[in-house]
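Below is what I looked up, in the order I got to it.

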Amino acid sequence: MSSTLEIQEVCKSFTKGTEVLSSASLTLRENEIGVLIGPSGSGKSTLLRSIAGLEIPDSGSISIAGKCVNDARTYLEPSDRQVGFLFQDFALFPHLTVEQNIRFGLHGVDKRVASDRVQKYMQLCSISELKSRYPHQISGGQQQRVALARALATEPVMLLLDEPFSNVDENLKAQIRTDMVELIRASKTTALIVVHDIEDAYAIADKISVLIEGRVAQSASPEELYSSPASSGVASVTGEVNLLSAKASSFGFTCAIGELDQPHDLEAGQGATLVIRPEDLNLEKEGDWTVEEMRYSGIGYLVKCINNLERVSVFVSAAELPAVNDRVGFKVHRMHWIVND
Ligand code: ADP
Ligand code: MG
């Protein structure tokens, strides 16, 4: 299948000497929903704005639907890129009704076509009955649907959404998230969505790209990203995880929780980082570790243990729950390892 978005080695600095994007590359196939995640300040909004044409990269190239929109010789205006942008604050016009807000994006489109589109996307987004209301007369979730309908009504080749869930109520978020992705899928639009929480990324993405210090450090399916993060930087944005420094040995690895059997192709003595999820460990009743604290998570407990200055978190059910200050050990039943760079 063809790529709808192809970003190659994009660099951008705002002040000399500090690169915000440093050779960022990313591709999205047609109808794919991509999620961009990364620490605050890692360049997510700058990358999105570069795709839309609101920022001009210093180097690199960006193609949308097979057409170059930006490289050393080319710069297409935002309005010529066929891209819909959903801003974090939705950017609805307060003095326009819902219907007028959606129609606003259709400047220059034939009047009858525009009317049909407005009706079609209000219907798709279930906001037809709100059409005469003003933004302040509808809820945050409804405002988001209006903003989405406005972006979709231009029938863009792709949609860019910058943290669309950060202004919605926490208790409504899961529903709004599902609804929104269903609408995007129903409209068969490729989308790149910046999110803040990894749970959002897992819930909606076909492909997650992790931006760290201006580079896409890894692009992978949610399952692959969770099970095989490519670096400790990536691992640390993928949810609760133990990162243990280890040395390869002839049988496996030596680390703070002991000697672990694990086939590998490293040379004995080579350093590595073990990536062990809290649910991939079992608690043993004997060992050198001390239970420091626990946190209830609904499905079970996250138990934090300490030994000297090392800490390890393990997920346990209520039936296996130890007490604070108990002495414990671990049995690892699954892990992933990363060669230190
Ligand atoms: P993110 O969205 O990942 O939090 P941004 O792309 O907004 O990150 O910003 C990345 C860095 O670029 C930040 O340090 C920010 O201060 C800087 N930056 C973004 N836009 C501008 C700008 N217009 N002028 C100067 N610096 C900027
Ligand atoms: Mg941002």
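This is a predicted model: local features need pLDDT of at least 70, side-chain atom pairs count only at pLDDT 80 or more; totals for chains, interfaces and linings use all residues.

**Notebook: a walk through the model**

I began at a backbone detail: just after α1, glycine 53 takes a positive phi of about 90 degrees.

I found it mostly covered, with 7 of its 9 residues buried. The buried ones are Lys44, Thr46, Leu47, Leu48, Ser50, Ile51 and Ala52.

**The ligand**

Which residues surround ligand 1? I listed Phe14, Val20, Pro39, Ser40, Gly41, Ser42, Gly43, Lys44, Ser45 and Thr46. Helix α1, residues 44-52, gives the largest share of this shell, 3 residues. By type I get 3 nonpolar, 6 polar and 1 charged in the shell.

Next I looked up backbone atoms against oxygen atoms of ligand 1. For serine 42, a backbone N or O atom sits 3.2 Å from a ligand oxygen. For glycine 43, the distance from a polar backbone atom to an oxygen of the ligand is 3.0 Å. For lysine 44, a backbone N or O atom is 2.9 Å from an oxygen of ligand 1. I also checked how covered the ligand is: taken alone it exposes 560 Å², and the protein buries 54% of that.

**The chain overall**

Stepping back, I noted 8 helices and 19 strands in the protein chain. Its C-alpha trace spans about 75 × 50 × 40 Å along the principal axes. Of the 341 residues, 46% are buried. The accessible surface comes to about 17100 Å², and 47% of it belongs to carbon and sulfur atoms. I looked at sequence separation too: among contacts between residues at least 6 apart in sequence, 64% join residues at least 24 apart.

**The cores**

Which residues touch the most other members of the largest nonpolar core? I have Ile102, Ile127, Leu161, Ile184 and Ile193, out of 46 residues in that core. Helix α4, residues 140-153, supplies the largest share of this core, 7 residues. Apart from it lies another core of 24 residues, and I spotted Leu47, Ala52, Leu76 and Met158 among them.

I followed up isoleucine 184. Not counting residues up to four places away in sequence, isoleucine 184 touches Ile33, Leu148, Leu159, Leu161, Thr189, Ala191 and Ile193. Leu161 and Ile193 are on my list of residues that touch the most other core members.

Threonine 97 is in the loop between β6 (83-86) and α2 (98-104). Is threonine 97 buried or exposed? I count it as buried, because its relative accessibility is 11% and the cut-off for buried is under 20%. Leaving aside neighbours within four places in sequence, threonine 97 is in contact with Lys131, Ser132, Arg133 and Tyr134.

Isoleucine 257 is another loop residue, placed between β12 (252-255) and β13 (258-261). Isoleucine 257 has a relative accessible area of 15%, so I put it down as buried. Beyond neighbours within four places in sequence, isoleucine 257 is in contact with Leu244, Ile276, Leu281, Trp289, Val312, Phe330 and Val332. I also looked up a C-alpha to C-alpha distance: isoleucine 257 and arginine 311 are 9.8 Å apart in space and 54 residues apart in sequence.

Glutamine 218 is in strand β10, residues 215-220. With a relative accessible area of 10%, glutamine 218 is buried. Where does its side chain find a backbone nitrogen? A polar side-chain atom of glutamine 218 lies 2.7 Å from the backbone nitrogen of alanine 230. Ala230 also turns up among the residues that glutamine 218 touches, including Ile208, Ser209, Val210, Leu225, Ser228, Pro229 and Val234.

Glutamate 9 has a positive phi of about 50 degrees although it is not a glycine. I found glutamate 9 in strand β1, residues 3-15. Glutamate 9 counts as exposed because its relative accessibility is 51%, where exposed means over 50%.

Asparagine 308 also has a positive phi, near 55 degrees, and is a residue other than glycine. Asparagine 308 lies in the loop between β16 (301-307) and β17 (310-316). At a relative accessible area of 69%, I noted asparagine 308 as exposed.

Definitions and conventions:
Residues are numbered from 1 along each chain as its sequence is written. Chains are lettered from A and ligands numbered from 1 in the order in which they are written. Side-chain values use heavy atoms; hydrogens and water are left out. A residue is near a molecule or strand if one of its heavy atoms lies within 4 Å of it. A polar contact is a pair of N or O atoms within 3.5 Å; within protein, one must be able to donate a hydrogen and the other to accept it, and residues adjacent in sequence count only if both atoms are side-chain atoms. Accessible areas come from the Shrake-Rupley method with a 1.4 Å probe; for residues, only the protein chains shown count as cover. Helices (H or I, at least four residues) and strands (E, at least two) are DSSP runs, numbered from the N terminus. Ala, Val, Leu, Ile, Met, Phe, Trp, Tyr, Cys and Pro count as nonpolar, Asp, Glu, Lys and Arg as charged, and the others, Gly among them, as polar. Buried means under 20% relative accessible area, exposed over 50%, partly exposed in between (1.4 Å probe, protein chains only). Contact means heavy atoms within 4.5 Å. A nonpolar core is a set of buried Ala, Val, Leu, Ile, Met, Phe, Trp, Tyr and Cys residues joined through side-chain atoms within 4.5 Å.
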